[in-house]
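Please open the model in your viewer and keep the sequence beside it. The tour moves from one selection to the next, with a short note at each stop.

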Amino acid sequence: MPDIALAVLAISVLIVLVALLQPLATRLSLPHSVLIAGLGIALGSVASVTGAIGTGGPLSEFTHALTGGEIRSEAILHIFLPILLFEAGLHMDVRRMMDEMAPILTLAVVAVLVCSLVVGVALWGTSSHGLLLCLLLGAIVATTDPAAVIGIFRDAGAPRRLTILVEGESLLNDAAAITLYIVLVGLLTSGGGGHGEADAGGAPLLFLRFFIGGALFGFVAGRLAFMVMRPLNRYPVAEVAFTLALPYIAYIVAERYLHVSGVVAVVTVALVVGSTGRVRISAEGWEGLEKVWALLGFCASTLIFIFAAMLVPEFLRDATVEDGVLLLVLIVAAFAARAIVLWGLLPVLTWLKIGQPISTPYRVVILWGGLRGAVTLALALAVSENPLLGAEATHFVVVLATGFVLWTLLINATTLRIVMRWLGLNALSATELALRDRALHQAREGIAERIEEIAAEQHLAPEVAKEAAEAYRSRLSGLASRPFMLDPKERERMGLMALANRERDLVVEHFDQKLMSRRTTVDLLAQVGRLHDAAMTGGRAEYLTAASRNIGFGPSFRLAILLQRYTGWEAPLSSRIADRLEMLKVSRMMIEMLKRHAEAEMRRLLGAEVWQSLDAVLTTRLDAVVAAIEAWRLQYPDYERRMSERFLRWAALRLEAAEYDELRNQQFISGEIYEDLQRDVGRLYETLQKRPQLDLGLSTAELVRRLPFFQGLSEERIEQICKLLKPIFAVPGEAIVQAGERGDTMYFISSGAVEIGRGGRKFRLGRGDFFGEMAVLISGRRTATVTAIAFCKLLALTGRDLQALASAHPDLRRTITEVARARSTETERTISALGEEEAV
C-alpha cells in the first residue's frame, strides 16, 4: 500500500478515536483536551519505541504514517492554525466582545507582555540563559488554549460573561503571543551575539507594526471578501467554499508579502465575517457555513493537539533535575504574572470607567483556567527546528514549555470544574432560578392537563389518567410563586432583556424571509444590541433612552447632511433617508409583534403588573416610531406609498414561495415543477431588490416657487434668483444657526418649521418665512439660535448674494429690511421687559 494511502488511513483512524473520546470524557468527568493529549503522548511514545527498536507491523506503520518520519512546526502552524483561529473568531459574539474589549485586550495583549517579562526575569535570575531567550520562553507559554478551557466552561455551565472574557482572551492572546514570539526570535537570530541588544530598542515598534498591521490588513481583507462574494449570494455551496480559502489567503499574504502578523490578520478577518456575515451571506449559506466550520474547527483543534502532544515524549526524553527546578520557577512566575494582571491592572480599568468590574470568583477562574496546549507546543517545536538558537537554548525552551503544558492539562484542567463548583459559578443565580421555576410551572401545568386529554383520546382508565396528572401537579409546589418573590424592578429588567433577545430573533427571521434589506438588518441588529445592554445595566430608564437614540439621527446621517450642504451631493442623504424610512416601518412592525408576545408570554411568566409596565414601555417606543414615520410621510408622501407597495409585493412573493414549498411537501407538484416555480419567484425578487429612487425635492427653482416671498415674479427673475440661492435640508433638533456666531447667510423656509430662541423667548417660523437676515445686513453676530422642529427644506442666501439680489430687485431688499427692523425693535422691547422684571 502506498505511503499516502497509509497516511490517509492513519488520519481517518485518528479522527474516529478522537470522536470516541468525547463520550469517554463525559463518563470519566475529564476534559476532552486531557484525553486528546493523552492519546497524542501515547502515540508519540509508541512511535519512539517502534522507531528505536525498528519493529514492523500495523502499529509501527500507523505511527510512522502519522508522523511521516518527522512533524514540522510549519505544517502545524500553516495548515491547522488558520482554521483554528478562523473558526474561533467566526463564532465569537463580537457585540458582547466589544462590550468587554478593555478587559479582553488587557488579558490578551498586556497579559502576554507581562507574562513574557515576569517569566523572563524570573528564569534569567535562576538559570544560565540570556534574558532574550527567557523572554522568548515567556512569550511561548503565554498562549492559552481556547478549545480546552471553553469545552470545560460549556460542560460546567459557566456564566456567559465569563465565557466571553476567556474566549476573547484566548482568541487575541494567540495573536499577541505569536507576534511577540516572531519579534524575539528575530532579535535572537539577528546576529547580535545571540542576545540581540543592538536591535532591542526597535522591538516595541516592530511588535506594534506586526500586530496593528495584521489587524488593518485583516479588516480590509474581510470587507473586500464580502464585495467579492456578492455574486455568490444565490449559491450557498460556493459561499462556504469561498470562506474555506479566506483564512489561508489572509495568513500567507500577511506573513509572506506584507510582513505583518498573519495570525492577527486571520483573527480580524474571522471577526469581520462573524459579525456581519449573518446579513451578508444567504441564510442557506450561513447555515451551511456554521456547520462546516464547526466540523473543521473540531478536526483542526484535535489533530493539532494530537500532533503536538506526540512530540512530548521526545521533548522530555533528556529532561534533568535542574529542568524540574526551573519548571517550578516557570509555573510560579507564569501564574504570578497572570495574577498581577487580574488583581493589579483590571481594577484600574474599573477605576478609570473603561471596563465593567470583574468579580473575584471570575478572576480566580480566569487565573486557574489559563490552560496551555497545541500552540505552545507548536512554537516550542519551531524553536527546536531553528539551528541558529543552539542545542542548549533549544533544550531549555522545549523542555520547560512542554512541562508547563502538561502541568496545566493534568493539574489545572482536571480541577477547573471543582474550582468553579467551589466558587458557585456553575449554579444558576437567584433570578435565573426564579425564571426557570416559573417556566417549569407553566410547562408542567400544561402537561398535566394534556395527560388527561390523551387518556380520554386513547380510552384509558380515568383513574390512571388522574393519578398521572396528579403526579405532575405534585411537582408544582412552590414553583409558581418564586419568581414573584423577586423585586418588580428586577422582573421588569429581565423582561426587557428577554424582549430585546426576542426582537433580535425577529429581525433575523425577517431578514431570512427576505422581508427587509441587508443594511436595515445591520442597523436594527445594532439597535437591538444597544437596547439589550441598556436594559441589563440600567433597566427601564436606560432602555427608553437607548430607544430614543435609536430613532435619532446617527453620525452617518449627519455626515450625509453635511455632504449635501457643503458639496451639493444629494445621493448619500437620499440613501440614508430611504434607509431610515425602511428602518422605521420595520421597527413599527417589530414592536407590534413584541407587544403581542409580551401579552402572551411575559404576562404568564412575570405577572400582570410587570407585563403592564413592559407594554407601556413598548407603547412609548411605538408612539415615537409612528410619529417619526408620520413626519416622513408628510415630507415624502409619494415615496412612502411606493415603499409600502414594494414591501407588500415582497411579502406576497414570500407567501407565494411558502405555498410552493407546501405543495411540494404534499407531493402535489414534482421537483421539476417546483424548481421552475421558484425560479420565477427568484426573478421577481431580483426586480424588487433595487429600492425606489428618492427625490429629495431640493430643486432650487421648485423651492423658490413655493415661497410667497417670490410670488408674482416672472420666470426670468426667478431664474436669476435661483442662481443665488442654495438648497439645504435640515432635520428636527438640528441647530441651523447659533447665537453669538458671525453670520453671513440668511435662510428662506420653503417647507417645514423652525424655532427661534431670542431674548429669553421662543417663537416659531414656518413656510414662507425667513431668518438670519439681521446678521447679514449689519455684518454682525447672530442674535438668536434657530433650531429645526420639523424636516425643513431651506434656501440659503449669502451676504454677497443678498447685495446682488438687492441691486437687481430693490423691492425684495426693502421687504427684508422692514422685517429685520421690526424684529430688531421686538428684540429690544423683549430685552427691556426682561430687565424690568429682574429689577423688580
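**Stop one: the sheet**

Select Ser 751 and look across to strand 8, where its bridge partner is Lys 793. This is a predicted model, in which local features need pLDDT of at least 70 and side-chain atom pairs count only at pLDDT 80 or more, while totals for chains, interfaces and linings use all residues. Residues are numbered from 1 along each chain as its sequence is written, and side-chain values use heavy atoms, with hydrogens and water left out.

Now select strand 3 (residues 745-751), which runs antiparallel to strand 8 and is joined to it by six bridges; strands are DSSP runs of E with at least two residues, helices are runs of H or I with at least four, and both are numbered from the N terminus. Two strands pair if DSSP finds at least two bridges between them.

Seen as a whole, the open sheet has four strands in the order 1-8-3-6, with antiparallel pairing. Strand 1 (726-730) and strand 6 (770-771) each have a single partner strand, so one side of each is left without a neighbour in the sheet.

Is strand 8 largely enclosed or left open by the rest of the structure? Six of its seven residues are buried (under 20% relative accessible area, with a 1.4 Å probe and protein chains only), so strand 8 is largely enclosed.

How values were computed:
Buried < 20%, exposed > 50% of the residue type's maximum accessible area, 1.4 Å probe, protein only.
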